[in-house]
Amino acid sequence: MKEIGSVFKRRGNRRSFLKKSVFAAGAATLGPGLLGNELSAFIQDVKPGGLTKGDAAILRFLAAAEIIETDLWQQYNELGGIQDSEVPGGTGNPQYTAALQVLDGDMNQYIHDNTDDEFSHFTFIDAFLVAKGAAPVNLDQFRTLQGSTATGSSGKARLTNLMQLTVDTSWWTRYRSSANNPDLDPNFTFAQAIPTLFQGKFPAIPRNNNDLTPPDHLQAIANTAGFHFGFIEQGGTSLYPSLAQRVTHTEVLRVLLSIGGTEIAHFQTWHDKAGNAPPLTDPTTSNPTLVFPNLNAPPFGGEEFQTNLIMPEPCPFLSRKFPVCSIIRPTETQGAAMAAAKALTADGLFIGQTPQFFQALQDLASEADKARSGRDDED
Ligand SMILES: [Fe+2]
Ligand SMILES: [Fe+2]
């Protein structure tokens, strides 16, 4: 949004922008024929409802991210959540549901509610875009992947793949670190809570009914899901504040802060539950063998791993000259959308997707990352 950015450079210009906006809203109802050329071009840029190109691009990327989240959460819900009219689809898988409930008796309720929330996020953002005269996002053409055929699955075609995940579990130590913040230490490597989960490709849902036994294999699948829930929602927790720094309009900022807060609520819940995943070795795996260690015993445990340390540990923020602060991290805004797209891709969620899908995701991310806030000159 170079043009809009330069409009905001000086305070005088910013005022004239506001005047034009008010005028534009009224003038739009009179029809474009009554407008001068310059103003008419400006209105094409800033829609009558007030979205800049950058705001629309950020909302469109978030809509795509929410559609992706919804698709994966629906798969979890069909097999391990509560089946009702709010999140219709599957019929539930009792064995997988029971394995998830080892982490918390309410897992099926939380999975249901997280799914319902994601549904509401993308539906709202798309409706908001349409109301502001911008194009909504629809990824239906990319729902082509074969999902689980286990009992309980709807069997419908999917956008995401939950059966070959490489789960980054470093969020576990990142949120326990008092010394390092990825924004200040971009080259620091946070330790993996479950190292082997980040080395192989593992299912987070039963792929078919053969995955329902032996018990430690099914529990490993449920444990994988437990850590994957945390991975997904810590991503949303960072993405919203990262992109909020580059929106222009207060109402769009309100949308990002308000939905972003729910992502944090999700993350906090899953952070708590993941620590209850029972230590075990998946007897069906090799190269690598999937091991869930006891996170409360050496070499784990302590400040970095202890499972009840679920509040964000105060860490350096903005600069080490300030006192440490309990915060969401990372929140770096530069390249945040592309970083999120890359993290989801590295997770294995899109294994089997078409080149067209990756191109669409990349286009949405790069447009969002081009957005520049018009708020920079505000006091
Ligand atoms: Fe969401
Ligand atoms: Fe979420």
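P288 sits in the loop that runs between β1 (280-281) and β2 (291-292), and a cis peptide bond ties P288 to N287, with omega at about -5 degrees. This is a predicted model, so local features need pLDDT of at least 70 and side-chain atom pairs count only at pLDDT 80 or more, while totals for chains, interfaces and linings use all residues. Residues are numbered from 1 along each chain as its sequence is written, and chains are lettered from A and ligands numbered from 1 in the order in which they are written.

**Overall layout**

- The protein's secondary structure amounts to 12 helices and 2 strands; helices (H or I, at least four residues) and strands (E, at least two) are DSSP runs, numbered from the N terminus.
- Going along the sequence, you get α-α-α-α-α-α-α-α-α-β-β-α-α-α.
- Out of 379 residues, 44% count as buried. Here buried means that 20 or more other C-beta atoms lie within 10 Å of a residue's own, exposed means 12 or fewer, and partly exposed is in between, with C-beta atoms placed from the backbone.
- Take the contacts between residues at least 6 apart in sequence, and 73% of them join residues at least 24 apart. Two residues are in contact if their C-beta atoms, placed from the backbone, lie within 7 Å.

- N287 is exposed, with 6 other C-beta atoms within 10 Å.
- A cis peptide bond also links P298 and P299, with omega at about 5 degrees; P299 belongs to the loop between β2 and α10 (302-305).
- L318 is not a glycine either, yet its phi is positive at about 70 degrees. You'll find L318 in the loop between α10 and α11 (336-346).
- L318 counts as exposed, with 12 C-beta neighbours inside 10 Å.

**Helix α8**

- Helix α8 covers residues 215-244, and its 30 residues should span 44 Å at 1.5 Å a residue; the expected span is 1.5 Å times one less than the number of residues.
- The end C-alpha atoms of α8 are 44 Å apart, which agrees with that span.
- Since 28 of the 30 residues of α8 are buried, the helix is largely enclosed by the rest of the structure.

**Helix α11**

- The buried residues in α11 are A336, A337, A340, A341 and L344.
- Looking down the axis of α11, these buried residues fall within an arc of 140 degrees, so they line one face of the helix. That arc is the one spanned by the directions from the helix axis to the C-beta atoms.
- The cover over the buried residues of α11 includes α4 (53-80), α8 and α12 (355-370).
- Just after α11, G348 has a positive phi of about 95 degrees.

**The nonpolar core**

- The largest nonpolar core has 82 residues, of which I58, F61, A63, A64, I205, L243 and A368 touch the most other members. Such a core is a set of buried Ala, Val, Leu, Ile, Met, Phe, Trp, Tyr and Cys residues joined through C-beta atoms within 7 Å.
- Elements giving two or more residues to this core are α4, α5 (94-100), α6 (107-131), α7 (171-174), α8, α9 (250-274), α11 and α12.
- α4 supplies the largest share of this core, at 15 residues.
- Leaving out residues up to four places away in sequence, I58 touches L243, R246, V247, A368 and A371.
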